[in-house]
Amino acid sequence: MSRGTTEWGLQEAVCKLFDEKPIWTRRSIHEQLLDSGFDVSENMLKRLLFRAGYYFSTGPFGKFWIKRGYDPRKDTEARIYQRIDFRMPPELRNLPDMDPDLRSKKQRWKDVCNFLQVPFKVFVYLQLSELQDSFIQDEICKPSYQTSCSHATGWFSQPMLKCLRLQVGIRFLSLFPVGPARDLLKSAKSQLERSKKEEAIWRSQNRQVNDHTISNTDADGSTKTASTQSGQEEEEREEEEEDEEEEHEDGGFHAYDNSYQMEGLPNNNYLREILRGFSFEQGSSSGVADSGPHADLSDGEYQILEQSSDDNDDF
């Protein structure tokens with residue numbers, strides 16, 4: 001680029017924003033440029049961002065733009081820039097008596113982060129550091145007990161991430177007129193109190209593990225691996241919970257029964273006769289596998305693999 005051109009000025013403005021903080025949401029950085037007097041198109045914004053940063057497709061910082069050379073997985077202070085999601089409850093979509101201002105598509109991202117307007121999208125990612133809420137800001141600034149950045153919850157525990165998500169939901173639900181939102185708001189507040197207790201228990205247990213690790217420090221300065229193992233177990237448990245959550249959202253995943261039942265075959269006599277003619281094990285006339293050395297080849301040993309998707313990409 002030639003110095004002094006419009007594109008040079010745009011690129012310089014984007015780089016200055018990344019100097020202010022290393023991680024941004026796309027909408028936030030676009031609005032910052034507009035407020036600075038730069039009228040930038042979507043294609044131009046993409047070009048500017050790819051020159052100055054990169055992004056993960058999944059994980060706690062997924063879809064956010066990150067300054068080149070900065071890895072939030074190695075910096076515990078990056079927890080304040082993690083993402084949190086908000087999903088509009090089905091009961092509150094397309095409410096006829098909703099305030100027209102809350103439905104406005106010409107809303108500012110800053111107003112959404114200040115909880116002045118409800119996001120017009122059914123599903124939206126928000127950045128914790130941008131949310132103007134005293135509870136959220138107090139919690140994200142507390143020291144992290146995580147020993148590593150988990151793909152499922154980042155630098156936070158599962159209970160704390162749930163607390164933050166519930167608090168976001170409570171703030172947005174409070175903007176709706178009374179009606180269906182009243183029961184949802186009451187339920188969310190109740191869940192938040194339970195999640196706070198779970199987080200307190202988690203912190204207490206984690207503190208005990210850390211104290212135990214320090215007391216078991218070897219004379220040569222090397223420490224036991226109890227805390228490392230605890231961190232790995234916690235991460236594995238979080239990933240399993242995330243997988244279960246995704247399966248629940250997709251309608252659930254049900255494995256097939258381990259046994260073949262002829263009653264379950266299609267109502268087709270010709271097909272029935274063909275399938276009855278096959279034996280699962282050579283020399284077995286009953287159509288059932290023997291319990292000999294090849295018994296481990298039964299249908300129960302098949303691994304059911306899910307189709308790969310963007311959500312399964314490496315983090």
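Author: Buried means under 20% relative accessible area, exposed means over 50%, and partly exposed lies in between (1.4 Å probe, protein chains only). The model is predicted, so local features need pLDDT of at least 70 and side-chain atom pairs count only at pLDDT 80 or more, while totals for chains, interfaces and linings use all residues. Residues are numbered from 1 along each chain as its sequence is written, and side-chain values use heavy atoms, with hydrogens and water left out.

A salt bridge is a side-chain nitrogen of Lys or Arg within 4 Å of a carboxyl oxygen of Asp or Glu. By this rule the count comes to 14 salt bridges. Side chains of opposite charge can pair when their charged atoms come close.

Arg-87, with 42% relative accessibility, counts as partly exposed, whereas Asp-85 is buried because its relative accessible area is 14%. Asp-85 also forms a salt bridge with Arg-165, where the closest N and O atoms are 3.1 Å apart. Arg-165 lies in helix α7 (residues 158-173) and Asp-85 in strand β4 (residues 83-87), so this pair ties together parts that are 80 residues apart in sequence. Helices (H or I, at least four residues) and strands (E, at least two) are DSSP runs, numbered from the N terminus. With a relative accessible area of 28%, Arg-165 is partly exposed.

A further salt bridge joins the side chains of Asp-133 and Arg-171, at 2.7 Å from N to O. This pair links distant parts of the chain, 38 residues apart: Asp-133 sits in the loop between β5 (123-127) and α6 (134-140), and Arg-171 in helix α7. Asp-133 is buried, since its relative accessible area is 7%; Arg-171, at 26%, is partly exposed.

Elsewhere, a network of salt bridges links Glu-7, Arg-47 and Arg-51.

Ala-188, in helix α8 (residues 180-215), is buried at 8% relative accessibility. Contact means heavy atoms within 4.5 Å; leaving aside neighbours within four places in sequence, Ala-188 is in contact with Leu-166, Ile-170 and Leu-173. Between Ala-188 and Leu-166, which are 22 residues apart in sequence, the C-alpha to C-alpha distance is 6.2 Å.
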